Amino acid sequence: MKFIITNGKIVEKGNTLKQVDILVTDGKIQAIGKNLLAEVSDVEKVYDVKGALITPGLVDLHVHFRQPGFEYKETIQTGSLAAAHGGYTTVCAMPNLNPTPDTPERVRAIYDIIKRDASVKVLQYATITENLRSGVLVDYEKMVESGAFAFSNDGVGVQTAGTMYLAMKEAAKLGKAIVAHVEDESLMFGGVMHKGKRSEELGIPGMLSVVESSQVARDVLLAESTGVHYHVCHVSTKESVRVIRDAKRAGIHVTCEVCPHHLILADEDIPEDNATWKMNPPLPAKEDQMALIEGVLDGTIDVIATDHAPHAQSEKVGKFTEGAFGIVGSENAFELMFTHFVETGIITLEKLIDLMSIKPAELFDIPTGKLKVGDVADIAVFDIENEITIDPNTFESKGVNTPFVNWKVKGDTLLTFVEGKLAWGKEEYK
């Protein structure tokens, strides 16, 4: 197919915008320039975006699509459509499923569903160990041959150093990353939100920061010993940021991600004992939140990831001790980050696109476009001028579990193209 996106704007440097048209032919960007409509006559479709922002498709290293095993929460079909609605063209799906993708056959079975149902590119993680919680390693070589993107036991931390060390050695041999949910269960003590003044005020069991940071500290030294690419999921504490910063200075191959909700919300924002606000890692203390922002600004934190974790509504009602951990994020991540970080001048638009598209692809060698001639046409278009209200009735995801409902934001997605095919678009563009 041959089409033109006309009257769009791209970021040149910082927050500087340049008006362009983009010509896409057979899934690739053929030309970027002005007045392309006057030069090309045989296009099949013209998308007039009326001054909207055009970016490379977003890349999310951390989503939960719940299939197989938990299709009542989400499916690959609904989850990938939600990702497309948020401007994502490539996402990486976590393996805490049932059955878990801990054999080549199970990984291939998930890819069969992806091929059939996905609206965007979905890369599937394999587990680090069999059935997530065991100490028995999966067959790393065979898992890679079956298409495993990387290895993670997301949802639980690897509890023993010996298991993590051996896993890192296997992954390093194959040039694959260990992507770690860091959580020392021996330090949990029944905590369900950050342990601090607010947890005491609400009478909710608190979770110590060292639940996360102690495993980060352990693992960066194991990564140094094994030479593996070690990636830390959803960093949320100042201690974790400090350890990762020091590890990078020491030349250890460590990267990490942070989620929008940990950058925008703190535990003091939790209004009541309501499981809507329950997530893992929990919303941090204000000082942790400030350390996360500093980590983004100084490059310690590499990327923004959503940890999109949909649940049935019945699982998110009631008190903290009763509800499930998790928040949906795919459909509003760009809106929230643009509104709260670009509009406020904390980071530039160029930096945001780097955090949400360019850098995650580069870190993990994910093939996707950078909005250049010859690139694959993985493209998102956002309205950064008009304010909208976050409304769960517009979600493509089965999950609506988010405290951001009714928040005012800018950056609404208008169009998402995956390899030149329309993956999601507002009705007026279809």
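Lysine 121 is buried, with a relative accessible area of 18% (buried is under 20%, exposed over 50%, partly exposed in between, using a 1.4 Å probe and protein chains only). Its salt-bridge partner is glutamate 419, with the closest N and O atoms 3.4 Å apart. This is a predicted model, so local features need pLDDT of at least 70 and side-chain atom pairs count only at pLDDT 80 or more, while totals for chains, interfaces and linings use all residues. Residues are numbered from 1 along each chain as its sequence is written, and side-chain values use heavy atoms, leaving out hydrogens and water.

**Salt bridges**
- The whole structure has 22 salt bridges (a side-chain nitrogen of Lys or Arg within 4 Å of a carboxyl oxygen of Asp or Glu).
- Glutamate 419 pairs with lysine 121, and the two are 298 residues apart: glutamate 419 is in the loop between strand 18 (412-418) and strand 19 (421-425), lysine 121 in strand 8 (residues 121-124). Helices (H or I, at least four residues) and strands (E, at least two) are DSSP runs, numbered from the N terminus.
- Glutamate 419 is partly exposed at 43% relative accessibility.
- Arginine 133 and glutamate 185 make a salt bridge with closest N and O atoms 2.8 Å apart; arginine 133 is exposed at 58%, and glutamate 185 is partly exposed at 29%.
- Lysine 359 bridges to aspartate 302 at 3.6 Å between the closest N and O atoms, linking helix 12 (residues 349-363) to the loop between helix 10 (286-298) and strand 14 (303-304).
- Shared partners join Lys121, Asp378 and Glu419 into one salt-bridge network.

**Aromatics**
- There are 9 aromatic pairs in the whole structure (ring centres of Phe, Tyr and Trp, the last by its six-membered ring, within 6.5 Å; planes under 30 degrees apart are stacked, over 60 edge-to-face, the rest tilted).
- Phenylalanine 334 and phenylalanine 338 are stacked, 6.2 Å centre to centre with 15 degrees between the planes; they sit 4 residues apart in helix 11 (residues 333-342), about one helical turn.
- Phenylalanine 334 also stacks with phenylalanine 382, at 3.9 Å and 15 degrees, and this pair spans 48 residues, from helix 11 to strand 15 (residues 379-383).
- Both phenylalanine 334 and phenylalanine 382 are buried.
- Phe3, Tyr47 and Phe417 make up one aromatic cluster.

**Cysteines**
- The count of disulfides is 0 (a disulfide being a pair of cysteine sulfur atoms within 2.5 Å).
- For cysteine 233, the nearest cysteine sulfur is that of cysteine 259, 8.5 Å away; cysteine 233 is buried at 0%.
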